[in-house]
Amino acid sequence: MIPWSPRFRRGCPTGSPPPGEVDVLVLVADGLFDAEIERALHISGATVKTHINNLFSKTGARDRTGAVRYAYGHGLAHPPGPSVT
């Protein structure tokens, strides 16, 4: 599991998200699809969708791209860097 970040909690205008929502956000930022998140976290598709919708509400994001920008901006995830060859 991805560790919960108190920085995310402080940045959310509506309060503290549960750790499961942070886990989902980090995996969304990593580019995973809902089905991949289900398998990675061993949760149902409905739970993934609920967490994502809750994150939209709590972060003010209108879509996944906005949620990813939020994750990058709050240090929960990092954009992929250049490949080292």
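Helix 4 is followed by Gly-60, and the phi of this glycine is positive, near 80°; helices here are DSSP runs of H or I with at least four residues, and strands are E runs of at least two, numbered from the N terminus. The structure is a predicted model, in which local features need pLDDT of at least 70 and side-chain atom pairs count only at pLDDT 80 or more, while totals for chains, interfaces and linings use all residues. Residues are numbered from 1 along each chain as its sequence is written, and side-chain values use heavy atoms, with hydrogens and water left out.

Thr-59 belongs to helix 4 and counts as buried at 17% relative accessibility, where buried means under 20% relative accessible area, exposed over 50%, and partly exposed in between (1.4 Å probe, protein chains only). Between Thr-59 and Tyr-70 there are 7.1 Å from C-alpha to C-alpha, although the two are 11 residues apart in sequence. Ala-61 sits in the loop between helix 4 and helix 5 and is also buried, at 13% relative accessibility. Its contacts (heavy atoms within 4.5 Å), leaving aside neighbours within four places in sequence, are Phe-56, Gly-66 and Ala-67.

Helix 4 itself makes a handy check on geometry. Its 15 residues should span 21 Å at 1.5 Å a residue, and its end C-alpha atoms are 21 Å apart, which agrees; the expected span is 1.5 Å times one less than the number of residues. The buried residues of helix 4 are Gly-45, Val-48, His-51, Ile-52, Leu-55, Phe-56, Lys-58 and Thr-59. Of these, His-51 has a relative accessibility of 15% and therefore counts as buried. Apart from neighbours within four places in sequence, His-51 is in contact with Gly-20, Glu-21, Val-24 and Ile-43.

Two helix pairs involve helix 4. The axes of helix 2 and helix 4 cross at roughly 90° and come within 9 Å; axes are lines fitted to C-alpha atoms, for helices over the stretch in contact, and angles run from 0 to 180 degrees between N-to-C directions. Helix 2 and helix 4 are therefore roughly perpendicular to each other, given that 65 to 115 degrees count as roughly perpendicular, under 35 as roughly parallel, over 145 as roughly antiparallel and the rest as oblique. At this meeting, Gly-20, Glu-21, Val-24, Leu-25 and Val-28 of helix 2 face Val-48, His-51, Ile-52, Asn-54, Leu-55 and Lys-58 of helix 4. Helix 3 packs on helix 4 at an angle of about 110°, with the axes 9 Å apart, so this pair too is roughly perpendicular. Here Asp-34, Ile-37 and Glu-38 of helix 3 meet Gly-45, Val-48, Lys-49 and Ile-52 of helix 4.

In helix 3, the buried residues are Asp-34, Ile-37 and Leu-41. Seen down the helix axis, they fall within an arc of 55°, so they line one face of helix 3; the arc is that of the directions from the helix axis to the C-beta atoms. Their cover includes helix 2, helix 4 and helix 5. Just after helix 3, His-42 takes a positive phi of about 60°.

Val-24 touches Ile-37, Leu-41, Ile-43, Val-48, His-51, Ile-52 and Leu-55, not counting residues up to four places away in sequence.
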